[in-house]
Structure formats: C-alpha cells, structure tokens
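Here are my notes on the model, as numbered points. Please read them with the structure open.

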Amino acid sequence: MTTILLPKQGGSLEPYTMIHSASTYPTEGTFRKRTAYSAAHVVADTKSAAHPILGGAIDWDATLAYRKTLWKLGFGVAEAMDTAQRGMGLTWDMAKELISISAQEAQKENALLASGAGTDHLEADKTYTLAEIKQAYEEQTAFVEGTGSRIILMASRALAVSARSAADYQDVYGHVLKGVNKPVILHWLGPMFDPKLTGYWGTETISTAMDACLELIHQNKAKIDGIKISLLDKDKEVEMRAQLPASVRMYTGDDFNYPELIQGDGGQYSHALLGIFDAIAPAASEALRALDADDIEGYREIFDKTVPLARHIFETPTYAYKTGVVFLAYLNGYQSHFRMIGGAEGARSVLHLSELFRLADQAGVLVDPDLAVERMQLVLKIAGIEQKVTT
C-alpha cells in the first residue's frame, strides 16, 4: 500500500498509509425511493486572464462535464447555489449562463435540474423596498423558468437587510409564489452558511422562524414542491418535517446528519439537496441504491463512513466548505487543477486539506487513490512541504 507523509498539528510530518488501493464505488446508478439533488460546484478557468479576486472566469466545458457525471450517478443537479459560490464569487450574470447551459444539457439527457433564483443582482448591503425585492425575485424566477429548469427559491440577503417583520417575508414570498408556473423548492439557509442571512423569517429564534416559514408553506402549498433547510440541526428538521403539508417534501440540507434524516424514522423521511453529495457522489449513489433494495445495513455502512469527512469539510467557518468540495473534485480527477473563482482555494489551511485527504481515503470516496496521492503530493510541495511517497 502507498504511504505519504502528511503534516499534523505542531508542524511535524507523519506517514499515512492508504487504506484503499482502488475505486470503491461504481460510476453509474439510479435510485427510486428518494429524490436526491447534488448542489454542484463550478470549475474555474485557469487559462483566463480574468482576475480571480474579482470573480475570475468559469471553465464551462469542465463544469458541464461534472454535471453529466452527477446525472449519470442518478442525482438531480441543484444549479447555481452556494456550492457554486453563488453570491461568493459567482455573479448573477455568470449564474444565468451556468443555468442556461445546464438546462440545455438536462433537456438532452432528460435529467433532473433545479436552479437557484434569488435577488443577488441587487447591490449588496443596501436596503430596498419590498416592491423592489419582489421585482428582483420576479426577474430571476422568470429567467429560470424560461430555461425549462425547476426553481429553487433562494434566501435573499436584500430581504434579510430590508425586512422589518415576519409579515414582510410573508408579503414578498406570497407575491413571488403566486407568479410562478410550477411548484418551487424553498431554500432556508442558516447563518452558519451565510452570516448575512442572520434573522431570516424575521427573527433569530429558530422555533419562531420555523413557525413563520410553516405558515407560508401551508398558505401556498400548491406552489411548493418542498423546502430545503440547512440549519445543521437534525431535531429541528424532524420537527418541521412532521408539520409540513402531505404534498410538500422535506429536502435535507443537513451535511452533518444526512444518513439518518434520509433513512427516516419509519413514518417520515427526508429527501436530499446537499452540498456534500458533490464531494461523495459515487458513495452516495451506492448508498441510495442500497436503500432502494431495503438494505438498511448496507446503506448505513456506506453513508456512516462519510460523515466524519462531511463534518470536517463543513467545519467552522462553514461557508468555506466549497474549498473542500473542489479539493476533492481535484483529487478525484474531475478537474485538472485546484483553483477556484474568487481565489477561494486559499480559504482552508494545508492541515485542513491533509486531514480531508485522510478522511476521504478512510471513507472510500477517492475514485483513483494513486492519482489522489500524486495530486496531494503536488499540493504539499506548493505549500513548501517537501516529502517522499513510498509504496
């Protein structure tokens, strides 16, 4: 087995011997019992002259190729979301192009696609009237529906800044929902993912915010396919799930507790719209197929091994998780480099990336372990950590 020297706390190096020598999971799959979206990242164009710190440019071919991989594994793609650095490098103009090319390909592939519609083309850190926020939402929802994609109605930073009460949220969302043609997925993103969304639904108290959100859902259930909540609180998700109308799905966004939430409690369960599925897609596909076969032991064996990796990728500051997702895509050969729009590859330390490498091997999610070792070695060398790889 291959051994690589990895840095650890304190600055010393220690040998790490790989557990897996070959790909653990297949590259194709379908599943029936759960609807599962993977929020997909974008691949930066390293040949572009665009300045990364100003957003950079996207490699459209590599970005689309990865979406094809996710569809082949059985996932729907949640497009232009925070995993794609939406509002954190990915502008609305870039998002429009991304949604358009994904929608065209999804139609060719007869694949599942839902895309984010929000208000992020409004200037940041300004207050707006509710009418202006409604108009901004309408512009984006009309664009997404015009491509043929389903809508994920994203949380609005402009609304978080401008709203003065829970009633303002009811007013804006109620208006926008009346104007859509097909049921949408609501997206409640917690402040650990985006601090600018603190106090969403008009309060910083989660239980009160949940009541406001549930009121909106019950009043507009015909226009809502489901809701994704990303609060990293499994008990709150289970509590909210139990209060949803029968026609409205819960899509877990809990990247810490997804195995048990998707499995369910015998009576209720969650579907999935997860950023971690981008990083563990082959394993997640295999786990969901085990669930289809009522092989709960196999389902948990696969998924439970990935949880330490997921918790590491999404550790505080949680919003930096995109760096780990792209790093794994690089290690797994889904892209040729470890660069990100906005220069976000520097958001995590080399120690963090080294531990991610260990956990990815232990979870069995490295598609080609030899390639992963080679690329990990390059990352360490660039960081000034000279070491040798032995076999």
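1. Contact, throughout this note, means heavy atoms within 4.5 Å. With that in hand, take Leu-356: beyond its neighbours within four places in sequence, Leu-356 is in contact with Leu-309, His-312, Ile-313, Gly-324, Phe-327 and Leu-328.

2. Some ground rules. This is a predicted model, where local features need pLDDT of at least 70, side-chain atom pairs count only at pLDDT 80 or more, and totals for chains, interfaces and linings use all residues. Residues are numbered from 1 along each chain as its sequence is written, and side-chain values use heavy atoms, with hydrogens and water left out.

3. Overall make-up. The protein has 15 helices and 11 strands. These are DSSP runs numbered from the N terminus: helices are H or I with at least four residues, strands are E with at least two. The radius of gyration is 21 Å, close to the 21 Å that the globule rule gives for 391 residues, so the protein is as compact as a globular protein of that length. The radius is taken over C-alpha atoms, and the rule is 2.2 Å times the number of residues to the power 0.38. Along the principal axes, the C-alpha atoms fill a box of roughly 65 × 50 × 45 Å.

4. Buried residues make up 55% of the 391 residues. Buried means under 20% relative accessible area, exposed over 50%, and partly exposed in between (1.4 Å probe, protein chains only). Of the contacts with a separation of 6 or more, 71% are between residues 24 or more positions apart.

5. Back to Leu-356. This residue lies in helix 14 (residues 350–363). Is Leu-356 buried or exposed? Leu-356 is buried, at a relative accessible area of 0%. Leu-356 and Gln-9 are 347 residues apart in sequence, yet 14 Å apart in space, C-alpha to C-alpha.

6. Helix 13 against helix 14. Their axes come within 11 Å and cross at roughly 60 degrees. Axes are lines fitted to C-alpha atoms, for helices over the stretch in contact, and angles run from 0 to 180 degrees between N-to-C directions. That makes helix 13 oblique to helix 14. Angles under 35 degrees count as roughly parallel, over 145 as roughly antiparallel, 65 to 115 as roughly perpendicular, and the rest as oblique. Gly-324, Phe-327, Leu-328 and Leu-331 in helix 13 meet Leu-353, Leu-356, Phe-357 and Ala-360 in helix 14. The contact residues divide into seven nonpolar, one polar and no charged. Ala, Val, Leu, Ile, Met, Phe, Trp, Tyr, Cys and Pro count as nonpolar; Asp, Glu, Lys and Arg as charged; the others, Gly among them, as polar.

7. Helix 1 against helix 2. Helix 1 (residues 60–72) and helix 2 (residues 92–109) pack at about 45 degrees, with axes 11 Å apart. The two are therefore oblique to each other. Among the contact residues are Trp-60, Arg-67 and Trp-71 of helix 1, and Met-94, Glu-97 and Glu-105 of helix 2.

8. Helix 6 against helix 7. Helix 6 (residues 206–219) and helix 7 (residues 234–241) pack at an angle of about 30 degrees, with axes 11 Å apart. They are therefore roughly parallel to each other. Helix 6 contributes Ile-206, Ser-207, Met-210, Cys-213, Leu-214 and Ile-217; helix 7 contributes Lys-236, Glu-239 and Met-240. By class, that is six nonpolar, one polar and two charged.

9. Gly-342 is found between helix 13 (321–331) and helix 14. At 34% relative accessibility, Gly-342 counts as partly exposed. Setting aside neighbours within four places in sequence, Gly-342 is in contact with Pro-52, Ile-53 and Gly-55. Gly-342 and Ala-44 are 298 residues apart in sequence and 9.1 Å apart in space, C-alpha to C-alpha.

10. Backbone points to check. Most residues other than glycine have a negative phi, and most peptide bonds are trans. The bond from Thr-316 to Pro-317 is cis, with omega near -5 degrees. Pro-317 sits in the loop between helix 12 (307–313) and helix 13. Gln-85 has a positive phi of about 65 degrees and counts as buried, at 3% relative accessibility. Asp-294 has a positive phi of about 60 degrees but counts as exposed, at 57%.
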